[in-house]
Amino acid sequence: MAVKPTNKEPYQQAYYPPTPTGWTRYMRTFLPWQAFRFLVINFKMLKLMSKSHH
Amino acid sequence: MSKIVILGAGISGHTAARYLNKWLGKNHEIIVVSPNAKWNWIPSNIWVGVGEMTEDEVTFDLAEIYKKTHVDFRQAKALSLNPEGSTESDKPFVTVEYTIEGRAGEVENIEYDYLINATGPKLNFAATNGLGPEHGHTVSVCTASHALEANEKLQGHITDMKAGEHRTFVIGTGHGMCTCQGAAFEYIYNVDHILREEGVRHMARIVWLSNEYELGDFGMGGVHIERGGYITNAKTFAESLMVERGIEWITRAHVSKVEAGKIHYEIMDGSQHVQEFDFSMLIPPFAGVGLKTYDKAGEDITSETFAPNGFMKVDADYTPRPYAEWSAKDWPRTYQTPKYKNIFAIGIAFAPPHLISKPMQNANGIAINPTPPRTGMPSASMAVAVAKSVRDMVNGAEQPTHTASMAEMGAACVASTGAHHLNGTAVTMTVFPVVPDFEKYPDYGRDMELTTGEVGLAGHWMKNLLHHTFIYQAKMKFGWSVLPD
């Protein structure tokens with residue numbers, strides 16, 4: 001017998017923060033996109049380092 | 001010929017040693033003193049703590065590496081400094097006690113012309129009764145051997161869960177004055193990830209327990225990043241990550257005592273609470289290693305050179321001021337000690353002028369606020385700047401020639417949230433500057449173009465790349481000096 005769904009409890013800790021959509025979760029491990037992000041992250045870190053040395 | 005002594009061979013000490021060896025090693029004497037035989041890439045300890053890496057993958061033998069260089073490595077712990085020498089000699093020296101087998105307990109005075117204090121922290125488990133793997137009830141990932149022990153216990157619980165037992169995991173900080181929330185943050189997600197991989201996540205309750213006022217503080221007062229058309233605080237993202245993985249959280253907590261299976265903590269209103277656990281990894285607070293300082297006559301002048309928490313006073317502005325009057329200018333730039341111009345302190349060993357997060361006290365007067373992080377990238381940047389200054393001073397410069405203020409440098413933090421080459425993820429965060437500068441960046445204290453964050457597989461690749469790059473670099477293999485620090 002199927003379990004009867006109950007209302008999601010409001011006013012709880014887990015009720016308020018944003019949660020990622022399926023698309024966001026998919027893109028987090030979608031290889032072509034992540035390969036591009038890998039390059040972007042490398043670029044950002046190099047930029048950060050170049051601004052940090054005095 | 002100058003004699004340069006470096007105390008400590010962690011990220012900052014070993015970085016300084018590598019560069020000083022390269023620049024001055026042929027003509028000057030460089031001595032590295034460290035009580036540990038092995039170098040440890042600490043950021044990867046969290047992977048040892050979940051069985052994804054072995055101890056050998058995150059450590060290597062220091063003596064073997066230094067054998068290839070001009071560095072004279074002494075496996076010993078520093079006990080005291082005599083920056084003015086003694087009644088017999090004007091030459092400053094550091095007193096060390098050997099820890100290497102065969103010479104253990106032997107005490108020696110090592111003279112120096114320049115001293116770099118990079119001793120790192122004392123893991124102060126004793127600050128909380130019952131905390132820590134040696135005399136307490138919690139595990140740690142602060143050293144590779146601690147992480148190994150943490151994994152053994154974790155695997156035991158996984159076996160029990162497979163047999164139908166429910167388990168509660170509590171991960172976070174073990175005192176109101178802890179720093180290094182990032183390590184606990186990574187560990188909790190890696191525990192979650194491994195429990196999912198083992199198919200037992202539904203048998204586990206996972207709880208984050210920390211001294212942060214809000215999630216995502218990390219001892220830096222939190223960060224703001226631009227995302228989805230809004231400037232959003234890291235609290236939102238940190239909470240989102242926890243909710244997504246079914247992790248509960250308790251913040252603003254000072255752990256006062258740990259008993260077998262019970263963590264006693266108090267929160268901002270002063271109320272006392274108990275959190276039960278089967279497995280708990282709580283980061284200890286850090287203190288200085290307890291070096292003493294003596295003047296020429298042998299009088300104890302430790303209070304002149306070290307702050308009460310045991311960290312060394314450098315060129316920071318230590319004048320006590322309320323939070324609203326803190327300035328980026330309070331932070332040290334050269335890491336030279338004010339009284340002794342030939343002594344520097346870098347990495348965790350230097351005394352910050354104040355917190356970065358806003359100081360908070362609970363109703364019982366207990367401080368519950370993260371202390372400033374100064375590990376990883378900032379540690380290495382300080383080491384390179386001080387090594388350059390010492391090089392130039394040895395060659396005739398009167399003052400330090402390079403600076404590395406935490407209010408003028410950025411930091412990148414890649415926090416693993418699950419190790420796997422195809423479905424792993426990590427949070428990649430860049431922050432510039434580490435210490436907010438509200439004069440320069442009035443809105444959020446930071447450059448919003450260089451302060452970013454994202455979650456994804458690319459972050460895991462990045463963390464993996466950093467692991468291999470930094471170990472390659474630390475082993476001083478071919479071309480190490482062209483790699484970024």
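Q: How many bridges join strand β23 of chain B to β24(B), and in which sense do the two strands run?
A: In this predicted model, strand β23 (residues 426-431) of chain B is joined to β24(B) by five bridges, and the two run antiparallel.

Q: Which sheet of chain B has parallel pairing, and what is its strand order?
A: Four strands of chain B, in the order β14-β11-β10-β18, form an open sheet whose pairing is parallel. At the edges stand β14 (248-250) and β18 (279-283) of chain B; each has a single partner strand, so one side of each is left without a neighbour in the sheet. On average, and with direction ignored, neighbouring strands of this sheet are turned by 15° against each other.

Q: How many bridges pair β10 with β11 of chain B, and which residue stands opposite B:Val170?
A: Six bridges pair strand β10 (residues 167-173) of chain B with strand β11 (residues 204-209) of chain B in the parallel sense. Opposite B:Val170 stands B:Val207 in β11(B).

Q: Which strands does helix α5 of chain B lie across?
A: Helix α5 (residues 144-162) of chain B lies across β10, β11 and β18 of chain B, and runs at about 150° to β18(B).

Q: How is β6 of chain B paired with β5 and with β7 of chain B?
A: Strand β5 (residues 71-82) of chain B and strand β6 (residues 93-98) of chain B run antiparallel and are joined by six bridges. Within this pairing, B:Leu81 has B:Val94 of β6(B) as its bridge partner. β6(B) also pairs with strand β7 (residues 107-111) of chain B, in the antiparallel sense over five bridges. There, the bridge partner of B:Glu97 is B:Val107 in β7(B).

Q: What describes two packed helices, and at what angle do α2 of chain A and α10 of chain B cross?
A: Two packed helices are described by the angle between their axes and the distance between the axes. Here the axes of helix α2 (residues 31-52) of chain A and helix α10 (residues 457-474) of chain B come within 8 Å and cross at roughly 50°. The two helices, α2(A) and α10(B), are therefore oblique to each other, and α2(A) passes α10(B) in a right-handed crossing. From α2(A), the contact is made by A:Gln34, A:Arg37, A:Phe38 and A:Ile41; from α10(B), by B:Leu457, B:Ala458, B:Trp461 and B:Met462. By class, this contact has six nonpolar, one polar and one charged residues.

Q: How many residues does each chain bring to the contact between chains A and B?
A: Chain A brings 20 residues and chain B 30 residues. On the side of chain A that touches chain B, the largest share, 11 residues, comes from α2(A). The residues of that side of chain A divide into nine nonpolar, six polar and five charged.

Q: Where should predicted coordinates not be read in detail, and what pLDDT does chain B average?
A: Where pLDDT is low, the predicted coordinates should not be read in detail. Chain B averages a pLDDT of 96, and 100% of the residues score at least 70. For the complex, the predictor gives an ipTM of 0.91 and a pTM of 0.95.

Definitions and conventions: Residues are numbered from 1 along each chain as its sequence is written. Chains are lettered from A and ligands numbered from 1 in the order in which they are written. This is a predicted model: local features need pLDDT of at least 70, side-chain atom pairs count only at pLDDT 80 or more; totals for chains, interfaces and linings use all residues. Two strands pair if DSSP finds at least two bridges between them. Axes are lines fitted to C-alpha atoms, for helices over the stretch in contact, and angles run from 0 to 180 degrees between N-to-C directions. Angles under 35 degrees count as roughly parallel, over 145 as roughly antiparallel, 65 to 115 as roughly perpendicular and the rest as oblique. A crossing is left-handed if the near helix is turned anticlockwise from the far one by less than a right angle, and right-handed if clockwise. Two residues are in contact if their C-beta atoms, placed from the backbone, lie within 7 Å. Ala, Val, Leu, Ile, Met, Phe, Trp, Tyr, Cys and Pro count as nonpolar, Asp, Glu, Lys and Arg as charged, and the others, Gly among them, as polar. pLDDT is the predictor's confidence in each residue, from 0 to 100.
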